[in-house]
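Trainee: I have this one open and would like to go through it with you. Can we start with the terms?

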Amino acid sequence: MPSTFSEFLNNWGEDIWAATIETFQMVSIALLVSIIIGLPLGILLVMTRPGKGMENKFVYQLLNIFINIIRSIPFIILLFFILPFTKWVVGTSIGVKGVIVPLVVYTAPYIARLMESAILEVDRGVVEAYEAMGIKTRNIIWHVLLRESRSSIILGLTIATIGLIGATAMAGLVGGGGLGDLAYRFGHLRYEADVMYVTVALLIILVQGLQSLGNAAAARLKKD
Amino acid sequence: MIQLENVTKVFSGKKGSIQALDDVSLHVKKGEIFGVIGYSGAGKSTLIRCANLLERPTTGTVKVNGVDLTALSPGKLREARQKIGMIFQGFNLLKTATVYDNVAIPLKLSGLNKQEVKERVEKYLEIVGLEQKHQAYPGELSGGQKQRVAIARALAHEPEVLLCDEATSALDPDTTEAILELLLKINRDLGITILLITHEMNVIQRICDRVAVMEQGQVIEQGTVMELFTTPQKATTKKFIGSVFSHNIPESTLTHLQGNGRIALLSFFGISSGEPALALVSKHFNVFPNILSGSIIQMKQEPYGQLLVHLRGDKEEVEKAIEFLIEKGVQVEGEDHYAVNIQRVS
Ligand SMILES: Nc1ncnc2c1ncn2[C@@H]1O[C@H](COP(=O)(O)OP(=O)(O)O)[C@@H](O)[C@H]1O
Ligand SMILES: [Mg+2]
């Protein structure tokens, strides 16, 4: 067993390491960009909602429909569907760079929804108390809405990240690389079962670890 | 200090519109505690939320300290609101922040520097009696303590007026009493004008100087608390007072007693005037008073009591006894009024 394990490492170690790095790259960049886009959209969804501070039916409905449309397209179809757009944004539609765009288009609306539902949980009364104290809206957003929902936000982002890891597995189709791609190309297409098992095990550890981390952080931030 | 002039508020929704306030005018004087009482849905919350424009009146004006809030720009309105404190039934604290931060964060956001923030937080947490709880989270506090934090948060802006929206309605009787004491102290020591709304008569009776009764979006009666207790005009007002004094006498007893003598409701201020006068009645006249029910409540200035008595004796002697009681400063209502009382009890 030890000899076969070191043999395996010799043969595959580098590939697996490289694939892991690629996965981390894709996930972290796409996540960051998706948060930068999704979080403000989530806030906008809450603020323009009927009966809320900046009520605006047009913006709210437009955003709602737009998000629903994107959310109803499976990632694999989205990947090809927006190829021209991807090319226009980053100049290429292949490789890690080319896969970031569809990953963001896929994840940002999801994050917007998750943030929306997290922020909606915040007690309306606290916002009112801050309005009554003459606090500016942008400070209320930051110091009341986001602060009070931070535990739910962390949980939402954990879910989004795990979804993102799943989506990166399909990134191989446009040459994005990553663990999913490795398992598919070698494990499935070339019958290297060991590679498949190891990458799947790695993915499971990754997802489990992330979820535990997210749960722990959320529990720590929750004070009630 | 707070002047609402002909304020109306109409909420229009999908299922038609609701007139929550119907031409309401109120003047709260500087330094007083003004109470608004009414049943659920009367429009009390809408009224108090108009006082700092959390709810913008459909028509009418709202002046606080001489400034017409309805005419201010959003920026100026925010400035004005910093001088109008508000506390709520649900406390409305940040769950994720300590007691200290709950008071400190709004101060920081209002532009005070670190040192000023620290001084104010410490000062006002001490005033509300929470100097030991700086690092506790709201989830670790009792309802009364949470309301104290909310009061400290409001006071820390050093407002001229404090609005209280059912501030004690979520609290048990003992805690209510303690919070009312605190509000009295704030009014007395810091000179802060208080406008409060409630559906509980004991809150009015305990700390208010003046009171308005609301029903269906209108103020149906207002005056000093004493006036309202002694000469209530409207049925709703009488009902609220009846909720404090419930003279619940079986019908059969009443019929039995009415045969020989007279039933009278005696009201008096101060503990000295009621019972001693009644004791003298039996000494000076050929009348035997029999107390059917009675109670004394603590009002802001002095105690106020009501006794329902049966005065047994000749008609003439009973009349003389009643005159004597009135002379002694006791207010006497006869059988007619008592009939009203029965209604308000049931
Ligand atoms: N934001 C709102 N939208 C629609 N109707 C409202 C709103 N706020 C209050 N109302 C209605 O106005 C009336 C008075 O409510 P409120 O002022 O809360 O009464 P109270 O505080 O005396 O119980 C009620 O009929 C209530 O349903
Ligand atoms: Mg109310």
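Mentor: Buried means under 20% relative accessible area, exposed over 50%, and partly exposed in between, with a 1.4 Å probe and protein chains only. This is a predicted model: local features need pLDDT of at least 70, side-chain atom pairs count only at pLDDT 80 or more, and totals for chains, interfaces and linings use all residues. Residues are numbered from 1 along each chain as its sequence is written, chains are lettered from A and ligands numbered from 1 in the order in which they are written, and side-chain values use heavy atoms, with hydrogens and water left out.

Trainee: Phe240(B), then: buried or exposed?

Mentor: Phe240(B) is buried, at a relative accessible area of 3%.

Trainee: How many aromatic pairs over all chains?

Mentor: Eight. Rings of Phe, Tyr and Trp (its six-membered ring) pair if their centres lie within 6.5 Å; planes under 30 degrees apart are stacked, over 60 edge-to-face, and the rest tilted. Tyr39(B) and Phe240(B) are a stacked pair, because their ring centres are 4.5 Å apart and their planes are at 20°.

Trainee: Where do those two sit in the chain?

Mentor: Tyr39(B) is in the loop between β3 (33-38) and α1 (44-50) of chain B, while Phe240(B) is in helix α9 (residues 235-242) of chain B; they are 201 residues apart, so the pair links distant parts of the chain. Helices (H or I, at least four residues) and strands (E, at least two) are DSSP runs, numbered from the N terminus. Tyr39(B) is partly exposed, with a relative accessible area of 41%.

Trainee: Which residues form an aromatic cluster?

Mentor: Phe229(B), Phe245(B), Phe269(B) and Tyr304(B) form one.

Trainee: Changing topic. How many cavities of 30 Å³ or more?

Mentor: Two. On a 1 Å grid over the protein atoms alone, a cavity is a set of points where a 1.4 Å probe fits but cannot get out, and lining residues have an atom within 4 Å of a point. Grid points are joined across faces, edges and corners, and a volume is the space filled by probe spheres set on the points.

Trainee: What lines the second largest cavity?

Mentor: Its lining is made of Ala129(A), Met133(A), Gly85(B), Met86(B), Arg153(B) and Ala154(B). β6 (84-88) and α5 (143-155) of chain B are the elements giving two or more residues.

Trainee: And which element gives the most to the lining of the largest cavity?

Mentor: β8(B), with three residues. Both α6 (173-190) and β8 (193-198) of chain B supply at least two. Among the lining residues are Cys164(B), Glu166(B) and Leu180(B).

Trainee: Last one: which residues of chain A does the UniProt "transmembrane region" annotation cover?

Mentor: The unreviewed UniProt entry gives 24-46, 58-82, 88-108, 153-175 and 195-218. UniProt positions are in the numbering used here, feature names are shortened, and annotations may be inferred rather than shown by experiment. In the model, residues 58-82 of chain A are 84% helix and 0% strand, with end C-alpha atoms 26 Å apart. Residues 88-108 of chain A are 81% helix and 0% strand, with end C-alpha atoms 19 Å apart.

Methods
On a 1 Å grid over the protein atoms alone, a cavity is a set of points where a 1.4 Å probe fits but cannot get out, and a pocket is an open set with protein on both sides within 12 Å along at least five of seven lines; lining residues have an atom within 4 Å of a point.
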